[in-house]
Amino acid sequence: MTMAVFKEKVKYAFYTVSHPADGFYEIRHRERGSVLVAILLTMLFSFSFSINRISACFIVNDVDPRNVDSFNELISVLFLFLLLAIGNWSITCLLDGKGRLKDIIIAIGYSTVPATFCFLLATFVSQFITLDEAAFYYMILGIGIAYTFFMMLIGIMTVHNFTLGKTIVTLFLTLVALLLIIFILLLLVNLVNQVYSFLHSIYQELIFRS
């Protein structure tokens, strides 16, 4: 991807914010989106979330900045982003969804733009408000999060060519699939730990007897 193409993909992400239905339609049918840009936007969202937790005024933030690990939060956000995309893809494959995995990744990644902007704006605004004006801070965050979920809803509905009702059901089933995937991963991690402990104990026993 050339720099000119990359800039065009980034520019189109902001077009999608102001024109969600048209934007996601173009992404699905005319390849206007980019998986790389979607991942970078998700990373920016993670950084904006961490910045908010670190730098928001104490009036609206009771988090100790020393306890914030931006890298771990980035890994967590990217992991959740990937699981959400895979969960939605696995459900929509069963429900005759038209979207590909890359379309879902782009739809979710591009949907984070409003939340990213509002987290940064709220962090800035928090430096100049009093306790009585804290409602403005929470209003900014609420608008950003709400519009992100709205964009995600429109994105999933558009790339899969679903009705609104079917999209809502799909998102609910996606959350169920997400929890199921996490549960299976935890079981696998626990199984691997048990196997490792078993093999390690055998190894120690052999070393001891030799």
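The model is a predicted one: local features need pLDDT of at least 70, side-chain atom pairs count only at pLDDT 80 or more, and totals for chains, interfaces and linings use all residues. Residues are numbered from 1 along each chain as its sequence is written, and side-chain values use heavy atoms, with hydrogens and water left out.

Six aromatic pairs are present. Rings of Phe, Tyr and Trp (its six-membered ring) pair if their centres lie within 6.5 Å; planes under 30 degrees apart are stacked, those over 60 are edge-to-face, and the rest are tilted. Phe45 and Phe119 make an edge-to-face pair, with 6.0 Å from centre to centre and 65 degrees between the planes. This pair links distant parts of the chain, 74 residues apart: Phe45 sits in helix α3 and Phe119 in helix α6. Helices here are DSSP runs (H or I, at least four residues), numbered from the N terminus.

The salt bridges number 10, each a side-chain nitrogen of Lys or Arg within 4 Å of a carboxyl oxygen of Asp or Glu. In one of them, Arg100 meets Glu31, with the closest N and O atoms 3.0 Å apart. Arg100 lies in the loop between α4 and α5 (101-111), and Glu31 in the loop between α2 (20-30) and α3 (35-55), so this pair ties together parts that are 69 residues apart in sequence. Arg100 is partly exposed, at 31% relative accessible area. Glu31 is also partly exposed, at 36%. Glu31 forms a salt bridge with Lys102 as well, and there the closest N and O atoms are 3.2 Å apart. Lys102 belongs to helix α5, so its bridge to the α2–α3 loop ties together parts 71 residues apart in sequence. Lys102 has a relative accessible area of 33% and is partly exposed.

Asp64 and Arg66 form another salt bridge, their closest N and O atoms being 3.0 Å apart. Asp64 is partly exposed at 26%, whereas Arg66 is exposed at 75%. Shared partners join Arg28, Glu31, Arg100, Lys102 and Asp103 into one salt-bridge network.

A cavity is a set of points where a 1.4 Å probe fits but cannot get out; a pocket is an open set with protein on both sides within 12 Å along at least five of seven lines; lining residues have an atom within 4 Å of a point. Points are joined across faces, edges and corners, and volume is the space filled by probe spheres set on them.

The largest pocket holds about 540 Å³. Its lining comprises 20 residues, and Leu80, Leu84, Ile108, Phe149 and Met152 lie nearest its centre. Helices α3, α4, α6 (113-126), α7 and α8 each give two or more residues to this lining. By class, 16 of the lining residues are nonpolar, four are polar and none is charged. Nonpolar covers Ala, Val, Leu, Ile, Met, Phe, Trp, Tyr, Cys and Pro; charged covers Asp, Glu, Lys and Arg; the others, Gly among them, are polar.

One cavity reaches 30 Å³ or more. The largest cavity has a volume of about 40 Å³. Leu84, Asn88, Ile108, Met152, Ile156, Leu171 and Thr174 line this cavity. At least two lining residues come from each of α4 (70-94), α7 (134-160) and α8 (164-209). The cavity lining has five nonpolar, two polar and no charged residues.

How values were computed. Buried < 20%, exposed > 50% of the residue type's maximum accessible area, 1.4 Å probe, protein only.
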